[in-house]
Amino acid sequence: MNRICLQITDRTIRKSDMVWGSGRWTCVQSDSRQLTADDAISDPLSYPDLADVVRELLADAKSKPVLISLSSSEILLKWIELPNAIPQADPQMQNLAVKTLLENETYIPIALGGAAYDFQLLSPKTLLIAWMRKGRLVSFFEQLAGVDLIYLSPQSVTVANQLLWYGSNRMCGVHIDGAMCDLAVVDSGDLCLGRSFFFGDASQLLRTIRQSLVNCPNPRDAPLTRIVLFRGSSVLTANQLAEQFGVEVTESSFDWAAALSKPMQESGRADSIRLNLLEPVLAAKTLQQKLRRKRRLMQAIPIAAMLMLAGANVKLYDWIQSKHANIHTMRLDRSAMKRLQAETESLGERHAAHQKSLAQLAWGKRQFPPLAERLVQLANPIPASVRLTEIKTVSQPKSSKARADFDARKELLVVGVAPSQAEINAYRAALVTQSQFASVRQVKTEPTLIDGNRRLEFTLALTSVEGE
């Protein structure tokens, strides 16, 4: 199992490649980047190049699932004593009850649709909420398209996860990075307080820590037994903390990657603190994807019905197949549907005309097999291709004298198309040289349009020796 861990603070982004084995996380590679120093920017999510720096760190990553610890004063953790206990039920039903409670009460001071939030039910009447405004978090997530962000923990929660290794008494963890302090108070495996804030000097930092401890919920009235100072800054020392608060102070390196990965591996344990602000963002994105798929399906239904009514036109079918990958972008309005229907009807009429011409030519071939075959053979060598479309006989004369003449010779009408008069003349010349034909007259010529090309439709009257 591999994970990539990112720790984002006010000035630095650190990346660690973690591998799980032998019951623990091991860092196999680490890297870091500095964010551009700008005193006007008070939060890492405010950096315009934050997503670019993260992408640069993840460019050569082999494992894409990423866990993020974000040190941000915009993330608020709130410890709430509920007026009514949440009923004991399976976790899914409890989560539904808590979400219904959050929708009806104003524990989060903005609409839930505009907040990235998560909660942990510490007891039937004790709720821990973490939340922030969704806007910049969603923007950051969308800019990292292709990266699977599976967890996004507030830095103070990550500090609390690290405190769980020290025991179950009431403890305070302090982590300092640049001008940002991450503070967490843990009591019996529960996170009682978590916050990230900016500070000026050491005296201001001490005052803020004292104020936070005074305001921290303490339902068991348990005394503070230890403060853990995670090394990372020389602004505050262990002796200063011990003098100010009169409790044991422990200094420790901050294995933040292991602390961030711990709730992923031990999410079922009671002493595991898990607050994932990314969960509602991913849920909203999943819902949007489902709605898009439903809209595409509804758009495809009338298009499919139109194709069934229009018939299995070959050219139209090929066009639809070539556009199938992008069919969700097609929004045919009424005028487009009418134009498509007119084109289909035009193709049908042209197809019927071609079929009629082929049928007429086939009839001529059946009536006069050798003669018709000879007529087609003479047309084939013409360079620009003279094409015959019909061979038919002239009605027999009614007078007996004319009937006798007609019996001696048979007069045929040959209908065809050619690109120009030159090809018609060439075809006539070829016919005149044949002994089977007594005379060849061009009786009709009309311009026509075939497949978008200009052609001449001609009619030749042939007098042929009977018996061909």
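Q: Where contact means heavy atoms within 4.5 Å, which elements are included in what covers the buried residues of α1?
A: This is a predicted model, in which local features need pLDDT of at least 70, side-chain atom pairs count only at pLDDT 80 or more, and totals for chains, interfaces and linings use all residues. Residues are numbered from 1 along each chain as its sequence is written, and side-chain values use heavy atoms, with hydrogens and water left out. Helices (DSSP H or I, at least four residues) and strands (E, at least two) are numbered from the N terminus, and buried means under 20% relative accessible area with a 1.4 Å probe and protein chains only. The cover of the buried residues of α1 includes β1 (2–8), β2 (12–21), β3 (24–34) and α3 (134–143).

Q: Why do the buried residues of α1 lie on the same side?
A: In α1 (residues 50–57), the buried residues are Leu-50, Ala-51, Val-53, Val-54 and Leu-57. They share one side of α1 because the directions from the helix axis to their C-beta atoms cover an arc of only 160°.

Q: What is the bridge partner of His-175 in β10?
A: Strands β9 (residues 171–177) and β10 (residues 180–187) run antiparallel and are joined by 7 bridges. In β10, the residue bridged to His-175 is Asp-182.

Key: Buried < 20%, exposed > 50% of the residue type's maximum accessible area, 1.4 Å probe, protein only. Contact = heavy atoms within 4.5 Å. Pairing = 2+ DSSP bridges.
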